[in-house]
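Student: I would like to learn how to read a few features of a structure that is new to me. Could we take them one at a time, with the general idea before the case?

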Amino acid sequence: MAAASSVVRRAAAAASASRGLLLARAFASGVGGGEKAKRVLVPVAAGTEPIEAAATADVLNRAGARVTVATADPPGDDGLVVQAAYGVKFVADGRVADLQGESFDLIALPGGMPGSVGLRDCKALEKMVKTHAENGGLYGAICAAPAVTLAYWGMLKGLKATCYPSFMEKFTAEVIPVDSRVVVDRNAVTSQGPGTAIEFGLALVEKLYGKEKMEEVAGPLYVRPQHGAEYTVEELNSAEWKCSSTPQVLVPVANGSEEIEAVNLIDVLRRAGANVIVASVEEKLQTVTRRHKFNLIADMMLDEATEMQFDLIVMPGGLQGAQKFASTKKLVDLLKKQAESNKPYGAICASPAHVLQPHGLLKGKKATAFPPMSHLLTDQSACEHRVVVDGNLITSRAPGTATEFALAIVEKLFGRDKAVSIAKEMIFM
């Protein structure tokens, strides 16, 4: 019965250890050995916090778990489409109601409002989680869900637990509240918010698979060395990013885009008040993200977006997605026009190395990228930094730096105070 700060410290230590080819392989193919895959249920509903859902599913998938994202919403005209918070739309794998009677090794609830209420009011889910817990199964929740959902169901009685700070008062008297980023008590794992989502996922991996697997998963994520600390940015050739009163931001997505990175960009920038357009470079609006758990639905096709003006164009990573970006002439032309106009553009993870570098968009610029791919950059002098800003260019390293990357963009568009306010709201710092 203990808070999981040790999990966080070990994850950070793992992130700075044994890089190189081992991490490149782990990033490219995911981890998970020959043992039978453990089954994980991540239920979602309208208003679910997308960063929490995406990070939980992604991190567990990397460990080798077979993750099912199932909607708790009643059937409607949209089929399995989930309208998550901040306008993020994705397609679930199925419905909770259709999974009754199936067994899982873990059930992990993302938060968000009114998503947590939607989960709470789903009788099929309540029955499943209670039966699962009675049989000794591992379960968890993050953000509003520990208080609004699990405590309401009476599933945290006598246990230490945490949740989003403003929901602590909603814990029932039987819960022992703990103000910690992640809390593990017996078979219950709870956490605080979108800024703790990767830590939550890693704690679940450790409970499900053990310390060694957790560290194996943590390494290629490049998690922060000190969780909760103020984020830092390496800025060179400082320049003001001029933009309209409501910044217009284009986030292209492709099959194989890294979901943690894409969802962080969309979620955080929309929190700040930017008008974010998610554009598909594929042949349809729905894209299959890298971990195949968050089938994102774009706002429009890239062809439509090319008729618009953007203050910023910023790309998520994921090797397959980055390669698609690099071969999409209309997107490359947009990026080149953006750079020639001295307007901001950026990329994270595989995209600096596989999109910006080969198309001459890093010429004379300092940048960073996913470390096992950084050798592809002509100038590697800034690659050790988590986020690098060089004039109108911003780059970052990996899923574990995605929130910092998005916050750094907010800082350039809206100012430091706004970025810090959002970071605190997300329990990132």
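Student: Where does Thr196 lie among the helices and strands?

Tutor: Keep in mind from the start that this is a predicted model. To place a residue, one looks for the elements on either side of it. Thr196 sits in the loop that runs between β12 (188-191) and α7 (197-209).

Student: Is Thr196 buried or exposed?

Tutor: The general idea is to ask how much of the residue's area is accessible, and a residue under 20% relative accessible area is called buried. Thr196 has 0% relative accessibility, so Thr196 counts as buried.

Student: Which residues is Thr196 in contact with, once its neighbours within four places in sequence are left aside?

Tutor: With those neighbours set aside, Thr196 is in contact with Ile142, Arg181, Ser191, Met426 and Ile427. With one of these, Ser191, the side chain of Thr196 also makes a polar contact of 2.6 Å.

Student: How many salt bridges does a search of the whole structure find?

Tutor: For a salt bridge, one looks for a side-chain nitrogen of Lys or Arg within 4 Å of a carboxyl oxygen of Asp or Glu. The search of the whole structure finds 21 salt bridges. Among them is the one in which the side chains of Glu49 and Arg271 meet, at 2.9 Å from N to O.

Student: Why can the pair Glu49 and Arg271 be said to tie parts together?

Tutor: Glu49 lies in the loop between β2 (39-44) and α3 (50-62), while Arg271 belongs to helix α9 (residues 259-272), so the pair ties together parts that are 222 residues apart in sequence. Both Glu49 and Arg271 are buried.

Student: What separates Asp333 and Lys329 within helix α12?

Tutor: Asp333 and Lys329 form a salt bridge whose closest N and O atoms are 2.7 Å apart. Because they are 4 residues apart in helix α12 (residues 329-340), about one helical turn separates them. Asp333 is partly exposed, with a relative accessible area of 35%, whereas Lys329 is exposed, with 60%.

Student: What links the side chains of Arg120 and Asp121?

Tutor: They meet in a salt bridge of 2.9 Å, N to O. Arg120 counts as partly exposed at 22% relative accessibility, and Asp121 counts as partly exposed at 44%.

Terms used
Residues numbered from 1 in each chain as written. Predicted model: local features only at pLDDT ≥ 70, side-chain atom pairs only at ≥ 80, totals over all residues. Heavy atoms only, no water. Helix = DSSP H or I, 4+ residues; strand = E, 2+ residues; numbered from the N terminus. Buried < 20%, exposed > 50% of the residue type's maximum accessible area, 1.4 Å probe, protein only. Polar contact = N/O pair within 3.5 Å; in protein donor to acceptor, adjacent residues only side chain to side chain. Contact = heavy atoms within 4.5 Å.
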